[in-house]
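Okay, hi everyone. Let me put my model up on the screen, and then we'll walk through the middle of it together.

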Amino acid sequence: MNKKKVLVICGTGVATSTVVMQKLKAFLRDKGIEASLDQSKVSDVLNKAGQYDLIISTTAVPPSLAEKVINAVPLLTGIGKEEVYDEIEAKLKM
């Protein structure tokens with residue numbers, strides 16, 4: 001299976017994406033899922049989106065990318081995080 005490429009983004013590419021990145025690394029390690037993770041800001045996403053299998057975002061993204069994007073806000077709040085993790089796992093195992 002090819003290693004999936006995942007981009008974690010937030011408004012500035014610093015604060016919330018760093019928190020999500022740490023949680024995602026731990027989740028993938030626990031599940032034994034190999035993926036390449038990168039971090040960026042939302043303004044870079046249009047240039048980079050084609051390079052990634054999945055985009056995990058804590059902010060709004062252009063509608064043209066909606067199919068690839070998973071909303072990561074539940075990973076920050078803790079409310080609904082299991083559903084987000086399930087969706088991430090399902091997309092990475094496709």
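So, which residues touch the most other members in the largest nonpolar core? They're Val-6, Leu-24, Leu-28, Ile-56, Ile-88 and Leu-92, out of 19 residues in that core. By nonpolar core I mean a set of buried Ala, Val, Leu, Ile, Met, Phe, Trp, Tyr and Cys residues joined through side-chain atoms within 4.5 Å. Buried is under 20% relative accessible area, with a 1.4 Å probe and protein chains only.

Quick caveat: this is a predicted model, so local features need pLDDT of at least 70, side-chain atom pairs count only at pLDDT 80 or more, and totals for chains, interfaces and linings use all residues. Residues are numbered from 1 along each chain as its sequence is written, and side-chain values use heavy atoms, leaving out hydrogens and water.

Now, Leu-28. This residue lies in helix 1, where helices are DSSP runs of H or I, at least four residues, numbered from the N terminus. Leu-28 counts as buried because its relative accessibility is 3%. Setting aside residues up to four places away in sequence, Leu-28 touches Ile-33, Ala-35, Leu-37 and Leu-92; touching, or contact, means heavy atoms within 4.5 Å.

Notes
Helix = DSSP H or I, 4+ residues; strand = E, 2+ residues; numbered from the N terminus. Buried < 20%, exposed > 50% of the residue type's maximum accessible area, 1.4 Å probe, protein only.
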